Amino acid sequence: MEAYLDNSATTRCLESVKDVVVKTMLEDYGNPSSKHTKGVEAERYLREAREVIARSLKVNEKEIYFTSGGTESNNWALLGGAYANRRAGKHLITTAVEHAAVLMPMQFLEEQGFRITYLPVDSKGHISLRDLENAICEDTILVSMMMVNNEIGAIEPVEEAGRLIKQKNPKILFHVDAIQAYSKLRIYPKRMQIDLLSVSGHKLHGPKGTGFLYVNDKVKLKPLLYGGGQQRGMRSGTDNVPGAAGLGEAVRQAFACFAESEAHLLMLKERMIAGLEQLDQVVVHSERGTAGAPHIVSAAFPGVRSEVLLHALEERNIYVSSGSACSSNKKLPVSTVLKEIHLDQPLLESTIRFSFSRFTTAEEIDYCLETLAELLPVLRRYSRR
Amino acid sequence: MYKTLLIKYGEIAIKGKNRHLFEDALVRQIRHALKSCDGEFTVYKEQGRIFIDCGDGYDYEEAVAALQHVFGIVGICPVMQAEDQGIDVLAADAVRFLGVSYQLEHQTFKVVTRRANKRYPMESMEISAYLGEKILEAYPQLSVDVHDPEILLHVELRESGKIFLYSKVIPGPGGMPVGTNGKAMLLLSGGIDSPVAGYMICKRGVKLDATYFHAPPYTSERAKQKVIDLAKKLTPYAGPINLHVVNFTDIQLYIYEKCPHDELTIIMRRYMMRIAEHFAKETKSLALVTGESIGQVASQTMQSLAATNAVCTMPVYRPLIGFDKQEIIDVSEKIDTYETSILPYEDCCTIFVAKHPVTKPNLHIIEASEKKLSEKIDELVRTAIETTETIWVE
């Protein structure tokens with residue numbers, strides 16, 4: 001049996017996504033910028049994908065820009081937002097638990113003379129609205145926060161934050177990193193007063209190298225890439241038709257069964273957490289039910305280093321993450337959010353993330369739990385003395 | 001401009017009757033190294049020297065870089081070929097050759113002529129003198145020094161009538177051609193030292209095989225990939241390497257369970273040596289090679305080395321024994337293994353390491369501890385050997 005429980009790292013592409021990618025590579029391979037029929041045909045795929053995505057967010061399709069993925073979307077939102085509004089001020093606000101694709105561009109902006117405030121989080125990983133309110137000043141131009149934390153699945157109070165920010169100063173841009181949230185939680189930028197929203201395609205069974213940035217029509221944003229003027233001059237570069245078409249198909253499929261998926265994911269999460277709590281010495285970081293993201297369970301197994309447990313599970317064809325997949329290769333694979341929620345060292349070193357997709361089955365959860373029950377005592381016996 | 005490369009080799013020229021064996025091995029290694037380069041190359045021996053004729057369209061930089069990985073080469077001289085069209089054309093060629101090869105300022109120079117073409121109307125001394133004069137005319141800032149010149153221009157009038165001009169010597173890696181000194185088994189970990197040790201041994205003409213111990217789930221697939229990558233980094237010097245990947249987990253856990261914890265590393269290393277020696281014998285290696293250096297860590301003190309060494313019946317070569325860490329790092333940077341070596345994946349030497357391992361192990365005590373393993377260890381070793389995966393790295 002195999003259990004792929006690392007869907008927050010990436011997901012398997014859907015068959016129907018693969019089909020449309022292949023079709024746009026082999027048959028309808030035109031360049032939308034070309035004037036002939038082949039170009040027009042290809043452009044149709046872009047338009048359709050934009051429509052599907054716009055509908056899922058209840059926004060205008062002109063507000064959707066295809067990118068190469070979450071990292072580009074985040075970089076573009078932050079750098080483009082900061083530079084377009086730098087005359088209004090030089091202060092940006094974000095949280096201490098953002099993904100590196102937000103933290104690193106923020107660091108870059110800091111080097112360029114911008115001021116950044118990093119909001120702390122409580123033990124569940126949530127920011128406080130009061131901190132946010134206190135952080136906003138005269139020259140604040142942008143606030144960026146993630147909707148769902150990639151490591152523990154905490155849900156940030158995005159809607160309340162949006163309201164607060166716009167009450168203080170409607171000109172402040174509000175960027176939301178929805179890479180872990182999109183297709184799992186309902187997101188309506190207009191209602192939530194979100195100006196910029198980043199999404200990645202491969203987290204929802206789309207192709208890698210795809211994603212989009214929602215940009216509120218009224219917002220001033222500088223492009224990141226200059227060139228042939230594609231996507232209304234905002235994001236130059238030959239349109240990635242296979243990528244966009246694949247992403248559109250993935251979105252269509254995800255939203256066609258949104259409610260069922262949500263219920264299924266919540267069921268899996270509850271099963272996982274309940275099972276983990278039966279095991280000896282396990283600390284679950286994620287919140288139960290709709291208080292946390294439906295697809296992420298983070299837990300610590302004190303006495304077993306997370307990487308060892310990860311590889312032991314791997315030998316049984318169970319695939320998980322230690323901390324965040326993207327930060328696992330660094331010298332000290334200790335994640336930011338786990339440190340920010342002030343976990344003790346033994347928990348920090350032994351945290352594993354299980355993340356599900358709508359295709360994950362209860363059997364896979366059970367198999368993982370059984371395997372854990374079997375492995376943990378053995379691994380604990382041989383821990384470093 | 002350079003149609004030919006002249007290969008200088010030092011040590012092998014003095015090997016008496018075996019000389020042709022060494023030369024043939026060098027030619028073979030050169031051919032192998034040039035295989036991956038663009039262009040056609042003809043490698044041949046002539047009068048105690050090796051020449052490489054390079055076909056049109058070859059990439060000079062690429063070919064030289066490949067040759068700089070071939071042990072046995074002391075220097076690579078780029079050669080300009082000229083036709084015999086009289087001494088004045090030759091002088092013009094020599095002038096042009098120096099102009100292109102050097103940033104000419106106030107250097108001293110000398111012309112040396114070798115006249116194999118005995119039909120040439122001038123004697124070699126005359127030719128040298130004439131060319132020297134013409135060069136001085138063209139570059140008056142130069143001066144002649146026949147004893148210790150900064151620039152030495154070789155002019156070779158070949159039997160074929162062709163004329164070779166060469167001067168610059170690009171340093172080669174030195175050493176002896178791989179394959180002329182048998183084979184050794186390298187204990188390759190993912191660290192900085194062992195690839196350097198492998199490099200040093202191959203430099204003396206020894207072919208390499210390697211053994212790596214991995215311990216899943218305590219070490220990852222990536223750690224294993226890292227070792228394969230390191231072996232691959234050695235292949236431009238060593239040629240293809242047969243890498244044995246031994247699953248060491250059960251042996252390690254068993255030692256951990258039965259033996260005093262502070263002796264774990266020493267006992268573990270003794271078993272690694274035993275297993276490596278098994279494969280060494282099986283594949284006709286003549287020695288084991290490790291990256292140990294005295295005192296670097298607890299398992300590399302004089303006492304620890306002796307305790308580890310005691311299980312081996314074959315010679316164990318430790319080419320880094322007197323190196324400081326920085327000296328080892330310098331070589332690893334030179335051979336481009338450093339970046340790979342420092343990737344942070346746990347190797348099986350570090351996972352269960354004690355806070356205070358013994359630094360002066362007593363052989364009798366270690367042997368006594370190993371007796372506690374007698375029940376299962378032979379079977380575990382046998383299983384480890386039987387389940388070893390062999391990877392051909394080239």
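Modeller: Two residues are in contact if their C-beta atoms, placed from the backbone, lie within 7 Å. Keep in mind that this is a predicted model.

Colleague: Okay. How many residues of chain A are in contact with chain B?

Modeller: 10 residues of chain A are in contact with 9 residues of chain B. The chain A side has 6 charged, 3 nonpolar and 1 polar residues.

Colleague: Now inside chain A. Which domains is it divided into?

Modeller: Domain 1 covers 3-11 + 258-381, and domain 2 covers 15-255. Their C-alpha centres lie 27 Å apart.

Colleague: And how many residues are in contact there?

Modeller: 25 residues of domain 1 of chain A are in contact with 25 of domain 2 of chain A. On the domain 1 side, strand 10 (296-300) and helix 11 (336-340) of chain A each give at least two residues.

Colleague: Which element supplies the largest share of that side?

Modeller: Helix 11 of chain A, with 4 residues. By class, the domain 1 side has 14 polar, 8 nonpolar and 3 charged residues.

Colleague: Switching to chain B. How many residues of strand 10 are buried?

Modeller: 4 of its 5 residues, 183-187, are buried.

Colleague: What does that strand pair with?

Modeller: Strand 10 of chain B runs parallel to strand 11 (residues 207-214) of chain B, joined by 5 bridges. There, B:Lys183 stands opposite B:Lys207. Strand 10 of chain B also pairs in the parallel sense with strand 13 (residues 288-289) of chain B, over 2 bridges. In that pairing B:Leu186 stands opposite B:Val289.

Key. Residues numbered from 1 in each chain as written. Chains lettered and ligands numbered in written order. Predicted model: local features only at pLDDT ≥ 70, side-chain atom pairs only at ≥ 80, totals over all residues. Domains from an automatic or database assignment. Nonpolar A, V, L, I, M, F, W, Y, C, P; charged D, E, K, R; others polar. Buried ≥ 20, exposed ≤ 12 C-beta atoms within 10 Å, placed from the backbone. Pairing = 2+ DSSP bridges.
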